[in-house]
Amino acid sequence: MATRSWTLSAEDRERLIKGAFDAKEGTYSPYSKFPVGAALLTADGQIVKGANIENASYGGTICAERTAIVKAVSEGVRKFVGLAVTTNVPATVSPCGLCRQVLREFCALEMPILLVPGDYPQKEVKEGYTEGGVRETTMDEILPDSFGPEHLEMPRKP
């Protein structure tokens with residue numbers, strides 16, 4: 001198994017986790033009753049929060065991760081160094097496929113992602129999880145063999 005060089009400080013880890021829980025308070029999820037909060041850590045140390053915003057048409061729903069990244073990018077922020085995601089269930093939940101691809105546009109493959117259980121901190125730590133029951137992963141691990149902006153810069157046959 002490969003060893004990962006973790007780039008988040010303990011302080012930034014806690015700021016991200018707190019940001020995700022705080023963000024979840026802004027959810028509008030009357031249909032799924034499944035609130036999600038996400039927090040992005042920018043390269044300059046800001047925390048950008050997002051919550052899922054549902055719509056009666058379902059297709060108009062915006063996930064928490066996309067809410068956070070759209071908020072940041074629309075304000076000119078395009079460099080991120082960490083993400084935390086949480087819900088109200090006592091398990092870790094990973095971003096959906098669409099969110100993974102949108103995050104991939106702006107996040108480095110080695111960017112740390114914290115998947116935080118809704119009942120954080122958990123007392124018992126399961127194998128493969130870290131303090132508090134958090135699953136630490138990266139963009140590359142949740143979206144392997146991904147397509148990104150650099151592929152559009154590659155030479156093409158006429």
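Helices here are DSSP runs of H or I with at least four residues, strands are runs of E with at least two, and both are numbered from the N terminus. The model you have open is predicted, so local features need pLDDT of at least 70 and side-chain atom pairs count only at pLDDT 80 or more, while totals for chains, interfaces and linings use all residues. Residues are numbered from 1 along each chain as its sequence is written, and side-chain values use heavy atoms, with hydrogens and water left out.

**First stop: helix α3**

Select residues 97-106, which form α3. Which of its residues are buried? Color Cys 99, Arg 100, Leu 103 and Arg 104; buried means under 20% relative accessible area, exposed over 50%, and partly exposed in between (1.4 Å probe, protein chains only). These four lie on the same side of α3 because they cover an arc of only 140° around the axis, the arc being that of the directions from the helix axis to the C-beta atoms. An α-helix has 3.6 residues a turn, so residues three or four places apart point the same way.

**Second stop: α2 beside α3**

Keep α2 and α3 on screen. Their axes come within 9 Å and cross at roughly 25°; the axes are lines fitted to C-alpha atoms, for helices over the stretch in contact, and angles run from 0 to 180 degrees between N-to-C directions.

To see the contact, show Glu 65, Arg 66, Ile 69 and Val 73 of α2 with Leu 98, Cys 99, Val 102, Leu 103 and Phe 106 of α3.

Most residues other than glycine have a negative phi, and most peptide bonds are trans. Start with Lys 33, in the loop between α1 (10-24) and β1, where phi is positive at about 55°. Lys 33 is exposed, with a relative accessible area of 62%.

Next, go to Tyr 58 in the loop between β2 (47-51) and α2. Its phi is also positive, near 65°, and Tyr 58 is exposed at 58% relative accessible area.

Finish at Pro 121, in the loop between β4 (112-116) and β5 (135-138). The peptide bond leading from Tyr 120 to Pro 121 is cis, with omega near -5°.

Key. Contact = heavy atoms within 4.5 Å.
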